[in-house]
Amino acid sequence: CMGLVVGAVAQRLAGAGKVFSTYDKGVSDKIMHQIGLTADEKDVVCALPLASLEKGKTHEFLQQPVHPGEPQDEEFEKRFVRKTQGWEKRVAQVNDLQKNGVDSVVVALDSEAQSAFLNGFLAVAMRLLRPGGTVGVYGPSLQPLACFQAAMRASTFCGRYTPPGDSVEQKFGFVNIRLEEFWLREYQVLPQRTHPLMNAQTN
């Protein structure tokens, strides 16, 4: 979705809270920079590779830059300082996410092929969702979502959460589970009559 969903969520937050945008094989946030977000709204967005939440500090995204030890030129030292500052920021974001969890999980799949990504992502996301939180999943194919809904209703798919200061992981189920199908119908608006667009021709 090229950042449209992330940008919409950030806009609704109006500079408060955090939006953790996770991705699998690269991320495009082109639209997010074209919808007129303020600087405060952009600052709440943190992009993290999903694998960094699974592998932790062993993932390259969270590995600390290593200085060669020998004195380098001034430009190299400046780049190294920027890399170190970026690493510190990324580590702080991941630590914040893992410590405090999230209130909502939003998933937007842009193709049927990505439906296979759903289970792997939710296995990680459910460990970060706080009890009382909400889950919203959008996909172009109804069947994977119907299977996910059935698993939530049957309690075979549970949320997992470790409260701050506690080392014991707790499980929780879901309520108010709904599956909704959206569709678009184009309307024709004319004087004294408004109806769905018709393709039939009259002679």
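Mentor: Start with Glu180. Its relative accessible area is 45%, so Glu180 is partly exposed. The bands are simple: buried is under 20% relative accessible area, exposed is over 50%, and partly exposed lies in between, with a 1.4 Å probe and protein chains only. Keep in mind that this is a predicted model, where local features need pLDDT of at least 70, side-chain atom pairs count only at pLDDT 80 or more, and totals for chains, interfaces and linings use all residues. Residues are numbered from 1 along each chain as its sequence is written, and side-chain values use heavy atoms, with hydrogens and water left out.

Now the partner. Glu180 forms a salt bridge with Arg178, and their closest N and O atoms are 3.7 Å apart. Such a bridge needs a side-chain nitrogen of Lys or Arg within 4 Å of a carboxyl oxygen of Asp or Glu. Why can such pairs form? Side chains of opposite charge can pair when their charged atoms come close. Arg178 has 61% relative accessibility, so it counts as exposed.

Next, look at Asn176. Asn176 sits in the loop between strand 6 (170–172) and strand 7 (187–190). The phi of Asn176 is near 55°, which is positive in a residue other than glycine. That deserves a second look, because most residues other than glycine have a negative phi. Asn176 is exposed, at 63% relative accessibility.

Another positive phi turns up at Gln192. Its value is near 70°, again in a residue other than glycine. Gln192 belongs to the loop between strand 7 and strand 8 (193–196). Its relative accessibility is 85%, so Gln192 is exposed.

How is a pocket found? Rolling a probe the size of a water molecule over the atoms shows where empty space is left.

Strand 4 gives the largest share, 8 residues. By class, the lining has 19 nonpolar, 10 polar and 4 charged residues. Nonpolar here means Ala, Val, Leu, Ile, Met, Phe, Trp, Tyr, Cys and Pro; charged means Asp, Glu, Lys and Arg; the others, Gly among them, are polar.

Val137 shows one part of this setting. Val137 is in strand 4. It is partly exposed, at 26% relative accessible area.

Arg130 forms a salt bridge with Asp103, with closest N and O atoms 3.0 Å apart. This pair joins distant parts of the chain: Arg130 is in strand 4 (residues 129–138), Asp103 is in strand 3 (residues 102–108), and 27 residues separate them. Arg130 is partly exposed, at 29% relative accessibility.

Compare a pair within one helix. Lys78 bridges to Glu74, the closest N and O atoms being 3.5 Å apart. The two are 4 residues apart in helix 4 (residues 74–100), so about one helical turn separates them. Lys78 is partly exposed at 41%, while Glu74 is exposed at 60%. The count of salt bridges comes to 3.

Last, the whole chain. It has 6 helices and 8 strands. Of its 203 residues, 29% count as buried.
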